[in-house]
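Thanks for asking me to look at this one with you. Here are my notes, written for someone meeting the structure for the first time.

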Amino acid sequence: MNDPKPNQPLVTHMYTADPSAHVFEGEIYVYPSHDLDHNGPDNDNGDQYAMEDYHVLSMRNFDSPVVDHGEALHLRDIPWASAQLWAPDAAYKNNLYYLFFPARDHDGIFRIGVATSPSPAGPFKPEIDYIKGSYSIDPAVFVDEDEQAYMYFGGLWGGQLEKWQTGTFEASQTEGPPADKPALGPRVALLSDDMLLFKEEPQEISIIDEEGNPILAGDENRRYFEGPWVHKYNDYYYLSYSTGTTHKLVYGISRSPQGPYTFQGTILTPVIGWTTHHSIVQFEDKWYLFYHDCSLSDGVNHKRCVKYTELKYNADGTIQTIQPYQE
Ligand code: FUB
């Protein structure tokens, strides 16, 4: 397998996207989506992202080869799911590894499921049903120092977040709030101690500017679109996410895991391809951004490749903007 190099595809034998990176058992584990090479429909609903399984990748450190542990979970083995295994995440608690993943249920509604394994590499055994009360896409689970686990999720357009504005699924609702109203925020829910259920109703996270005003729906350079990730640095929680239509990774900070988060700036400038999706992880004394682009397929939106690069903080805790194609 390939030796990892910054800003180069982590693997080239398959298309990968949406990398959620974690340090488990002293090694780096990456949980990506597994993009398929197909000629099916391509639209704003995301039908081109027709993924059917997950593979787990790992490396002992940033100088050792990347290992593909093979199929960790397949759509055929998930009783409640019908299609589209999108961006997953993983967590460790109770001596078990948990894989959280979105998929369409048998009514075509995106839900979030969970599967477990004694090994970070899988294979993962799915629960029979999706997490009750879950909806939309892009779960990211943050386990705090006090062992409380929070799931962040939600995505616009194909991710269906607009359809949940009343609290129930409205199939015909395709529009978000007007441009001069607060943007839809990602959702957060505390997980049960066994990590299989929501302990509470998901709450909407508020993202505000320096003056405390909500980021507006029309502010496409700053408003939430999809792909949330939360990490902690110097006692602040950092919520980072994709801005979708403006193709940036941006972030806000908060003193509380549930926000509100004050917008700070851009982490990653636009990459080749429409989507941008990431995770942030500390390994030894450095921090890393895992992200994807479409360079391996010369720009085909649904044939992406996972990459990593070092992420640096300024002395005041802000994150230095990364321009991935500049030396
Ligand atoms: O991979 C499918 C979808 O594309 C993800 O769920 C989004 O975050 C975007 O990367």
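This is a predicted model: local features need pLDDT of at least 70, side-chain atom pairs count only at pLDDT 80 or more; totals for chains, interfaces and linings use all residues.

**Notes for a first reading**

1. Strand 14 pairs with strand 18 (residues 261-268) in the parallel sense, over two bridges. Within this pairing, Ile-208 stands opposite Thr-262 of strand 18. As background, strands of a sheet pair through backbone hydrogen bonds, and they may do so in a parallel or an antiparallel way.

2. Next comes a hairpin. Strand 10 (residues 140-143) and strand 11 (residues 149-153) run antiparallel and are joined by four bridges. One of the residue pairs to find on screen is Phe-142 with its bridge partner in strand 11, Tyr-150. Five residues lie between the two strands of the hairpin, and in this turn Glu-147 has a positive phi of about 75°.

3. Now for the ligand. Which residues are around it? They are Asp-18, Tyr-49, Met-51, Trp-86, Ala-87, Ile-137, Asp-138, Glu-226, Thr-275, His-277, His-292 and Arg-304. By type, this shell divides into five nonpolar, three polar and four charged residues.

4. Asp-18 has a polar side-chain atom 2.5 Å from an oxygen atom of the ligand. For His-277, a side-chain N or O atom is 2.7 Å from an oxygen atom of the ligand. Arg-304 likewise places a side-chain N or O atom 2.7 Å from a ligand oxygen atom. On its own the ligand has 280 Å² of accessible area, and the protein covers 99% of this.

5. How many cavities of 30 Å³ or more does the structure hold? There is one, and the space in this largest cavity is about 40 Å³. Its lining consists of Ser-20, Ala-87, Pro-88, Asp-138, Pro-139, Ala-140, Gly-227, Pro-228, Trp-229 and His-277. Strand 15 (residues 226-233) gives the largest share of that lining, with three residues. The lining of the cavity divides into six nonpolar residues, three polar and one charged.

6. The largest pocket is the next stop, with about 570 Å³ of space. It is lined by 21 residues, and those closest to its centre are His-22, Phe-142, Val-143, His-231 and Lys-232. At least two lining residues come from each of strand 1 (15-24), strand 6 (89-93), strand 10, strand 15 and strand 19 (278-283). The pocket lining is made up of 14 nonpolar, three polar and four charged residues.

7. Finally, some backbone details. Most residues other than glycine have a negative phi, and most peptide bonds are trans. Against that background, a cis peptide bond joins Gly-122 and Pro-123, with omega about 0°; Pro-123 sits in the loop between strand 8 (110-117) and strand 9 (125-126). Another cis peptide bond, also with omega about 0°, links Gly-259 to Pro-260, and Pro-260 is in the loop between strand 17 (249-254) and strand 18. Ser-136, although not a glycine, has a positive phi of about 65°. Look for Ser-136 in the loop between strand 9 and strand 10.

Technical notes. Residues are numbered from 1 along each chain as its sequence is written. Side-chain values use heavy atoms; hydrogens and water are left out. A residue is near a molecule or strand if one of its heavy atoms lies within 4 Å of it. A polar contact is a pair of N or O atoms within 3.5 Å; within protein, one must be able to donate a hydrogen and the other to accept it, and residues adjacent in sequence count only if both atoms are side-chain atoms. Accessible areas come from the Shrake-Rupley method with a 1.4 Å probe; for residues, only the protein chains shown count as cover. Ala, Val, Leu, Ile, Met, Phe, Trp, Tyr, Cys and Pro count as nonpolar, Asp, Glu, Lys and Arg as charged, and the others, Gly among them, as polar. On a 1 Å grid over the protein atoms alone, a cavity is a set of points where a 1.4 Å probe fits but cannot get out, and a pocket is an open set with protein on both sides within 12 Å along at least five of seven lines; lining residues have an atom within 4 Å of a point. Grid points are joined across faces, edges and corners, and a volume is the space filled by probe spheres set on the points. Two strands pair if DSSP finds at least two bridges between them.
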